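Here is a short note for a colleague who is opening this structure for the first time. Please read the points with the structure in view.

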Amino acid sequence: MELYSLTIHELRELLKKREVSALEVTKSYLERIKEVEPKIDALITITEDFALQRAKEADEKIKNGEDTDLTGIPVIIKDNISTEGIKTTCSSKMLENYIPPYNATVVEKLLEEGVIILGKSNLDEFAMGSSTENSAFKTTKNPWDLSRVPGGSSGGSAAAIAADEAAFALGSDTGGSIRQPASLCGVVGMKPTYGLVSRYGLVAFASSLDQIGPFTKDVTDCAIVLNTIIGHDSKDSTSLKIDKPDYTSYLKEDIKGLRIGVAKEFFGEGIEEGVKETVQESIKVLQDLGAEIIDISIPYVEYALPAYYIIASAEASSNLARYDGIRYGHIAEKYEDLIDMYMVTRSEGFGKEVKRRIMLGTYALSSGYYDAYYKKALKVRTLIKNDFEKAFEKCDVIIGPTSPTVAFKIGERANDPLAMYLADIYTVSVNIAGLPGISIPCGLSDGLPVGLQIIGRHFDEGKILNVAYAFEQANKFNAKPQAIGGAR
Amino acid sequence: MKYEAVIGLEVHAELLTESKIFCSCTTKFGGEPNTHVCPVCLGLPGTLPVLNKKVVEYAVRAGLALNCTIANFSKMDRKNYFYPDLPKAYQISQYDLPLCSNGYVEIEVDGKVKKIGIKRIHIEEDAGKLLHENTDGSLVDYNRAGVPLIEIVSEPDMTTPEEAYQYLTKLKNILEYTEVSDCKMQEGSLRVDTNVSVRPVGSTELGTKIELKNLNSFRAVQKALEYEIKRQIKVLEEGGTIVQETRRWNESKGITEPMRTKEEAHDYRYFPEPDLVPIIVTDEWKEEIRKSLPEMPHHKRERFIAEYGLPEYDAKIITSSKKMADFFEKCVLEYDSPKTVSNWLMGEFSRLMNETGKEIDEVPVTPQMLVKLLKLIDNGVISGSIAKTVFEEMFGTGKEPEVIVEEKGLKQIANENELREIIKKVIVENPKSVEDYKNGKEKAMGFLVGQVMKATKGKANPQLTNQILKEELSK
């Protein structure tokens, strides 16, 4: 058994008993990264020196009895989360050499606990995409099949955890960017309730939808990481003041009498038969555990995808306007005047998908079109929220597939944006409504992982973890990706 | 055909809060370029704004003082446009739900009171500044980026440049009184844009409006409007049409000129700022702010008349600026003749301030110093006319009056023997006037006093001079 294949709670036991040191753990991961990274391409930056330095500090903490659940645990952070002194590129040529002077609040929280940052992970440029193919630097491969995508936009983080390149990773989820790659890579990924985790330092894509969340190897680890990263932040006005629960207290196998809603809309057109079957078997598992399965409907969910693409693109068109070549980032070498400088800089610095969304969003906000698009999308948003509220009168959580398909081939959808957008069809409504959702592996279809999505009420992460944990215990997902040589 | 003008004003005032609107950087004017900045006001990737509560408080204070309705619920919006001084390429402002609306100020023109409506007051962030001193290109200083502003939009209720001038004076007065803004146009903490159109008298339709920019003083606003109204009328009278545009006031030529027209109309694509939550002003908070409002100019004026017995004219001038009124009150606290103080403030003090273009708080003379000077007169140390010389010196150098009197030897000659010798000499030297006086010509007395003053360089004690002169002449 290699150290890098362990979960956070397993490593924690060893570190606490001083059976291994944080330095040993860190070296094990750094070795693993060197071994698998050439095949996976999950990382943009590897912070080896910083990691070794931090590992020594963590060992000091442990020695002094100042350690916590995450002390000495290695992490990989999505490259759209600001890290002081470490490049934060958003996988964009625009920020290829940008080194932030400050840490995101989540990074600050992790560093305080003694977490070890191993590197920064690849993503679709500015988190726009569902396959990580939109990165300006590299295409990350799915560890289960190197010819397939890991999902996106947090594909680097998901693949890194599936390939044991870190104990956990952080991602961001605007329309499914944590859950969908978690599903495609067979790991656990959670998008918390909007406002639970501070967005300060998360490079904004769509401010009203973005949320940071963890990728972990199991549900217990997810609870442990959540405990650390949540909480009100005075630097983020949209972060909410709530009492901090201990999420590990929800890790119980008992779900008797719990009402689980199954929405027919989540099994509609486009779903692969293998995915459908695997999820239905999972529902059966939960039913056998004593949960009550209730049929529900979220009628407006079919409008979630168009509403999402209008709202997210509108906000993105404004959020990405600051990349103008004036203060930092890419700047055109040759230009005629100011306007020309803006145009050349932004034409060169942004990739195709980012430009597409900036144009879409600019159009949707333009005078004369605002009411027809942006305003209407906001109305749909309200209707979807209401739908979920009604549904949650009948049930405690809602479950379904995370993604309609298993991992698709690299290049398969790259030139078909609409097909690509459909990858998020089951995840976007959760962001639209600001709800929490998790994806946990529930089986394989044609040898590729299938993800089960569990959606909860606002701030009801506890109940989601309860169901996820009960399922995980009853239905151990022991398969490991073979394409890179699984160690277990 | 007779024409009338329709004028509306947009005033931007920087608020006097300690820190910026969305971060904790200082709002201090000046400072080396790009030293009053942080990741938030530079709009670095991932940063978020957090609204400074003081900004809301100050804006509500201004709104209440300007008789506005304060919104219980308002929000911030993004105004999107590209310019190098705007770090995020959008300005966080307010669009459809401003904090304050439907207010007014009262102005007096030709003895008549007129209400000028205030459409709205909203809060927003200031942008940085472009410095064009570098020949290779421009430099940007972001110290000012994120300094809180209120934009006060008037109704188009003014019809003459004089009304516009009075409106601005009154507005500035109120903003200073409420200590919301220091309103220094030269530092850019108060900026004025104006819209003006003309139409035939009696018409209810509005003409095409012209926006005027580069207005660096209230007088410039007035002059620019005078010019622009005449220009528009002339165009119409010659059968032309007014084209909607922005024109720039050229102070040295005294004319308005078209600014380079933008190739396309701006579409700011306003939408609600998703990084901020709505602004809630509860009734309790509003009342708390209302109670903290200082005395407004018209109340102060009435009180000065009642409490200090000032004539209405004096009270009006003294309260026309809060700083002047405060100065006055500090003086009368230690000096029991309010009218004397107001005479000095309206007289010598105002004359020198006008001449030097200084505000009362920029002058080195303190209330204590003025009181000392007045007491020197009362105690017969110096005469009233010498006091004016002393004051001028105080105004210029900030020296204490007694020091100036000492240094320049300006003490009154109040020694009877010394003065009698001088007077005797004057009598001997002016036999003709002595003769006239003895023949009943009272005027001759004045001439002789004047001669004594001349001989003493004004330092002779006037009462004593009169007394001794009479004694000597009756000998």
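1. Start with strand β4 (residues 77-80) of chain B. Two strands meet here: β4(B) is joined to β15(B) by 2 bridges, and the two run antiparallel. Within this pairing, B:R78 stands opposite B:F271 of β15(B). Note that the model is a predicted one.

2. The pairing belongs to an open sheet of 3 strands in chain B. The order is β5-β4-β15, with antiparallel pairing. At the edges stand β5 (90-93) and β15 (271-272) of chain B. Each has a single partner strand, so one side of each is left without a neighbour in the sheet.

3. Chain B also holds a hairpin. Its strands are β13 (residues 245-250) and β14 (residues 255-258), paired in the antiparallel sense over 4 bridges. B:R248 has B:E257 in β14(B) as its bridge partner. There are 4 residues between the strands of this hairpin, and B:G254 takes a positive phi near 70°.

4. Look next at B:R199. The residue lies in strand β11 (residues 190-200) of chain B. B:R199 has 17, so it is partly exposed.

5. What does B:R199 touch, once its neighbours within four places in sequence are left aside? The contacts are B:Y3, B:E4, B:V6, B:E205, B:L206 and B:G207. B:M1 is 198 residues away from B:R199 in sequence, yet their C-alpha atoms are 9.8 Å apart in space.

6. On the scale of the whole chain, chain B is divided into three parts: domain 1 (3-285), domain 2 (295-408) and domain 3 (416-473). The centres of domain 1 and domain 3 of chain B, taken over C-alpha atoms, are separated by 64 Å.

7. Now the interface. Chain B brings 25 residues into contact with 33 residues of chain A. On the chain B side, the residues that touch chain A divide into 17 nonpolar, 3 polar and 5 charged.

8. Chain A carries an open sheet of 11 strands with mixed pairing. The order is β1-β3-β2-β4-β6-β5-β10-β11-β9-β7-β8.

9. Strands β10 (residues 437-445) and β11 (residues 448-456) of chain A pair in the antiparallel sense over 8 bridges. A:I440 has A:L452 in β11(A) as its bridge partner.

10. Two helices of chain A lie across strands of the chain. Helix α3 (residues 48-63) lies across β1, β2 (74-78) and β3 (116-121), running at about 155° to β3(A). Helix α5 (residues 155-162) lies across β1, β2, β3, β4 (168-172), β5 (188-191) and β6 (212-216), at about 160° to β4(A).

11. Finish with helix α9 (residues 304-319) of chain A. The helix has 16 residues. From its first C-alpha to its last, α9(A) reaches 22 Å, close to the 22 Å expected at 1.5 Å a residue. Why is α9(A) described as largely enclosed by the rest of the structure? Because 15 of its 16 residues are buried.

Key
Residues numbered from 1 in each chain as written. Chains lettered and ligands numbered in written order. Predicted model: local features only at pLDDT ≥ 70, side-chain atom pairs only at ≥ 80, totals over all residues. Contact = placed C-beta atoms within 7 Å. Nonpolar A, V, L, I, M, F, W, Y, C, P; charged D, E, K, R; others polar. Pairing = 2+ DSSP bridges. Axes fitted to C-alpha atoms, helices over the stretch in contact; angles between N-to-C directions. Domains from an automatic or database assignment. Buried ≥ 20, exposed ≤ 12 C-beta atoms within 10 Å, placed from the backbone. Expected span 1.5 Å × (residues − 1).
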